[in-house]
Number of protein chains: 2
Amino acid sequence: MQEEFFRLEHVDAASGKARAGRIRTDHGEIETPVFMPVGTQATVKTLPPRDLLEAGAQVILGNTYHLYLRPGDALIRQAGGLHRFMSWPRPILTDSGGYQVFSLAELRSLKEDGVRFQSHIDGSYHFFTPEKVIDIEKNLGADLIMVLDECAPYPCSREYAEKSLALTLNWAKRCKAHFESTPAVHSHRQFLFGIVQGSTYPDLRRQSAESLIELGFDGYAIGGLAVGEPKTMMLEMTELCTEILPADTPRYLMGVGKPEDLVEAVARGVDMFDCVIPTRNGRNGTVFTWEGKLVIKNAAFREDFRPIDERCGCYACRNFTRAYIRHLFQTDEILGLYLASLHNVYFYLDLMRTVRQAILEDRFAEFYRQFYDRYRPDNQTVEGRGQG
Amino acid sequence: MQEEFFRLEHVDAASGKARAGRIRTDHGEIETPVFMPVGTQATVKTLPPRDLLEAGAQVILGNTYHLYLRPGDALIRQAGGLHRFMSWPRPILTDSGGYQVFSLAELRSLKEDGVRFQSHIDGSYHFFTPEKVIDIEKNLGADLIMVLDECAPYPCSREYAEKSLALTLNWAKRCKAHFESTPAVHSHRQFLFGIVQGSTYPDLRRQSAESLIELGFDGYAIGGLAVGEPKTMMLEMTELCTEILPADTPRYLMGVGKPEDLVEAVARGVDMFDCVIPTRNGRNGTVFTWEGKLVIKNAAFREDFRPIDERCGCYACRNFTRAYIRHLFQTDEILGLYLASLHNVYFYLDLMRTVRQAILEDRFAEFYRQFYDRYRPDNQTVEGRGQG
């Protein structure tokens, strides 16, 4: 008997929502809740794969739009797939490219059949259809792949949201049909995720989730959030979705978010996260601690010979001081970007490990209190999506 | 009985010049001939210390001028010295700052007492005397430290060279006196190197070497080369110096050079090298192989799924292809700078390990022939000095 793709291991008794589970792929298992570092262009920015493994990364994300443009999915197919191309032995998830087409590309025109766009790099014209995106994702060979969707902007009129959702559902159907009717390119299995859209309209979200469930996917993503809406709205939409989505499939909240957003979303039944914040903030000199963020470049840290976070077990915290890392930023040294990125990714991974352990031991509520006793969230907006 | 600072282990029988030795410091031994990666601003650019250790780096270099300006030698002293500040457990060598004052700083004015200059960063005024430089180097706490010297430009008039040499000898004397008459700042020993100058004038080189030997230093550097002179001239001056310098002290050819330059200098009795070429070339997308240099960014490598060098054992070559590294450069990904730098540093270290083994086994001439059978030197200029 083939083992199931996702096994729900435990639901926190008190909350009845926070979940611990296990995703099985041919590149290994993923323990959830999980944070997936973003490897936009076949690299998690500044971090060698072995350092990601050491930090405990279980799965990373690749961006289909970027990889399609450079180096091209044909080249990656020729290299033996994305795992071999970038020397990452564990699971990979690729998005569909939809988000980047709508946020990054020039002069896009949306049609029933797909979306025409100009490359943000050289202005060349391209056309993504649901079928084309599945072909690209098969060439890339990620373990977990996404259907093509339109990520509606925020705010978004009811009319636009309805039209967008209809298109996105049609694309999801076509993606699934094409995924199932075409042969595999690489020898390992791929699992297809549907993406719930519907902007901030509860009934559209519900309609989206129910229609996708009827089509049947290996997992379900919650898309169209972390695009500028208030945090309460993001959490409300998330909870609405997790209440509908089947318990025995993984739930992936796309592009979210700050540490406190992850904690809140786990509390509402989300299993998977990706976000550029740890790597992008790292490169900008902002680092996370269990007490909140620090702008490590600040003069306040000039003579601070403590690690970024005394409680952290990452390579940066075991070996370097705030004073040293500040010096690296002051002098534009790449090692600073590396150490801050490595620490931040470790922090996110460690946060999810801690959350998971708390869920397994039925003390998520205790974890939640302790987290907020120490951690200072910085504001109530939702940051999130973009390049890794 | 205290063990000697330098032990000459073996001189290649056939050449009678190429040497293998061992330098002993309180941070461990250094097997020579040795290449020292340049860590200008308390970091070997892009490379975490543990990766340098893995690559086999035995000793790295820090630049006094840069560290004095940022973060300041007082801060590094407060941090427990440069080793602790940058988390590098093995030996460090610091230059005197003289080279950067003359090549990088603005509006310098040279006086008998020292050199006044403006910081290239913020235009602030500073004054380096021989005594001040020793104080800074004591604060930094490198194991091997250099006297203040003037690195004369090339070409250089006889008159300028004579004056410069007189000044440099006087400074060497004052450095030694100050070094010996002031207390240690850190608990480990420091060893002082004199620097042979004299431009391209054989008699001045001779005078310089003999005067320094008379003063007596732990080691001797050959300075003022790799500043634009023809390669034949560089090698001639080097050989002239090694013939005079005592056999029982280490000889350090500053700022040299390309792989073939190192081989040639070893053949003439040099023990120690530093150069920014491996790291700077790495960041520019040029990598070294046993067949010569490759510009890894070139389209020729788009579909080249071989490692940079099939014979190389570095992390980059064990895990990544030319096609992948080219992609990283095409997409401005920092991991590309890291992998190319790591490979190049490994290549230089491996070259010196191979040279050393050949010397110990009295087959340096065989190594030399085999090296040139494969390796294509790219031209006859001497590249070298600058920031790591």
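Q: Which residue forms a salt bridge with Glu243(B)?
A: A salt bridge is a side-chain nitrogen of Lys or Arg within 4 Å of a carboxyl oxygen of Asp or Glu. Here the partner of Glu243(B) is Lys17(B), with the closest N and O atoms 3.5 Å apart. This is a predicted model, in which local features need pLDDT of at least 70 and side-chain atom pairs count only at pLDDT 80 or more, while totals for chains, interfaces and linings use all residues. Residues are numbered from 1 along each chain as its sequence is written, chains are lettered from A in the order in which they are written, and side-chain values use heavy atoms, with hydrogens and water left out.

Q: What does the pair tie together?
A: Look at where each end sits. Glu243(B) lies in helix 9 (residues 231-244) of chain B, and Lys17(B) in the loop between strand 1 (6-11) and strand 2 (19-25), so the bridge ties together parts 226 residues apart in sequence. Helices (H or I, at least four residues) and strands (E, at least two) are DSSP runs, numbered from the N terminus.

Q: Is Glu243(B) buried or exposed?
A: Buried means under 20% relative accessible area, exposed over 50%, and partly exposed in between (1.4 Å probe, protein chains only). Glu243(B), at 55%, is exposed, whereas Lys17(B), at 28%, is partly exposed.

Q: How many salt bridges does the structure hold?
A: Over all chains there are 60. Among them, Arg22(B) pairs with Glu31(B) at 3.1 Å between the closest N and O atoms; Arg22(B) is buried at 16%, and Glu31(B) is partly exposed at 30%. Salt bridges can also link up: in chain A, a network joins Glu4(A), Arg7(A), Glu9(A), Arg22(A), Arg24(A), Glu29(A), Glu31(A) and Arg356(A).

Q: Which residues have the most contacts inside the largest nonpolar core?
A: In soluble globular proteins, nonpolar side chains tend to be buried together. A nonpolar core is a set of buried Ala, Val, Leu, Ile, Met, Phe, Trp, Tyr and Cys residues joined through side-chain atoms within 4.5 Å. The largest one here has 268 residues, and Tyr252(A), Leu339(A), Tyr252(B) and Leu339(B) have the most contacts inside it. Contact means heavy atoms within 4.5 Å. Leaving aside neighbours within four places in sequence, Leu339(A) touches residues including Tyr315(A), Phe320(A) and Leu328(A).
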